[in-house]
Amino acid sequence: MAFYPTDKIIVRGAVAKVMTRPTLGNLTPGGTVDGFNYKISNGNPFLDPFRATAYDIALEWYFAPQSIASIALFKKSIDSFPVSNTLTQTFASTGLPKSVLPPSSPAYINFDPNQLYTVSTTVNGTGASLKGIELSVQAPFKFLPGFLKNFGGIANATFIDSSATYGVVGPSSLVCATQFTCKLVAPTAVQRTSTLFGLSKKAFNGTLYYEDAKFSARGSISYRGPYVDQNSGTGNVFEGYAATTNFDASVRYRLTKWLEVSVEGTNLTDTYRYRYTDVDANRNYENNHFGRTILFGARVKM
């Protein structure tokens, strides 16, 4: 629904109940069995779909030509969602036959149905909730004198509070009654509450641009806060990424009515992406270096 209290203000509201099928890769019952490292990876055909109810309300103010300032509030109640998980199970509890093991592997030669395996699969999440606010403004600087009126800006900020409960399984432990009698004990799963996987609490974007009949330039800066990415397959509590700030820019120049040349640069500050494991200990897992990217281009209008 949309309400127009004046010719420059719009109030919008929406309610949606949505459902999305999990990916086919997660739904497939197939998988792999590693009889050398005692690992099993498989899909889950019994996954529930993504189900959620979303509520949105926004206030938009068109205060000048080509200009807008807006504030939006949103809330989502997520009933179910698939999530990757790593479990420790005996081979017998998986329901798989011995024949799936490679015949040359130690697991087949010294077959033990009570042998513990690391099982990576996708399970049904227990539901989650999120709410947030988005602020944005966009305007050309037509009020400035001379060539400065060709400048303009775009900025937005998003703040999100989310919560989800995940099952976390630690590493297996070796328990020894004597020096010669030891057995591997599977850990018990515990429940941990975190933000929704892949969702930062804060994100900011800003763009300053210049445009005239022949020349245009644009510089953008974006910040994304830290976020948890997935469950850990190594007995740690979650894995995730640290905050990142990126700067991109582009320049275009129209040489003739039919020819335009351009230069675009991404990640100009050469930002690294730091990945950690264990949300409590924050141990270094990866430090990804993507480098700068510079693109030269030309566009011909026939």
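Predicted model: local features only at pLDDT ≥ 70, side-chain atom pairs only at ≥ 80, totals over all residues.
I'll start with the charged pairs. Side chains of opposite charge can pair when their charged atoms come close. With the cut-off at 4 Å between nitrogen and carboxyl oxygen, the count here is nine salt bridges. I'll go through a few of them.

Take R275 and D229. Their side chains form a salt bridge, with 3.1 Å from N to O. How accessible is each partner? R275 has a relative accessible area of 5%, so it is classed as buried. D229 has 25%, and therefore goes down as partly exposed.

One partner of E260 is R252, at 3.5 Å from N to O. Another partner is R299, where the closest N and O atoms are 2.8 Å apart. What does the bridge from R299 to E260 tie together? R299 is in strand β22, residues 293-300, and E260 is in strand β19, residues 259-266, so the bridge ties together parts of the chain 39 residues apart in sequence.

These bridges belong to something wider. Through shared partners, salt bridges join R252, E260, E264 and R299 into one network.

On accessibility, three of these residues fall in separate classes under the cut-offs of 20% and 50%. E260 is at 13% relative accessible area, so it is buried. R252 comes out at 27%, which means partly exposed. R299, at 52%, counts as exposed, because the cut-off for that class is over 50%.

Now the sheet. There is an open sheet of four strands, in the order β3-β4-β8-β7, and the pairing is mixed. Which strands stand at the edges? They are β3, residues 31-34, and β7, residues 82-90. Each has a single partner strand, so one side of each has no neighbour in the sheet. From one strand to the next, the twist averages 15°.

If you want a position to look at in the viewer, find T32, which stands opposite S41 in β4.

That covers the pairs and the sheet. I'll take questions.

Methods:
Residues numbered from 1 in each chain as written. Heavy atoms only, no water. Buried < 20%, exposed > 50% of the residue type's maximum accessible area, 1.4 Å probe, protein only. Helix = DSSP H or I, 4+ residues; strand = E, 2+ residues; numbered from the N terminus. Pairing = 2+ DSSP bridges. Axes fitted to C-alpha atoms, helices over the stretch in contact; angles between N-to-C directions.
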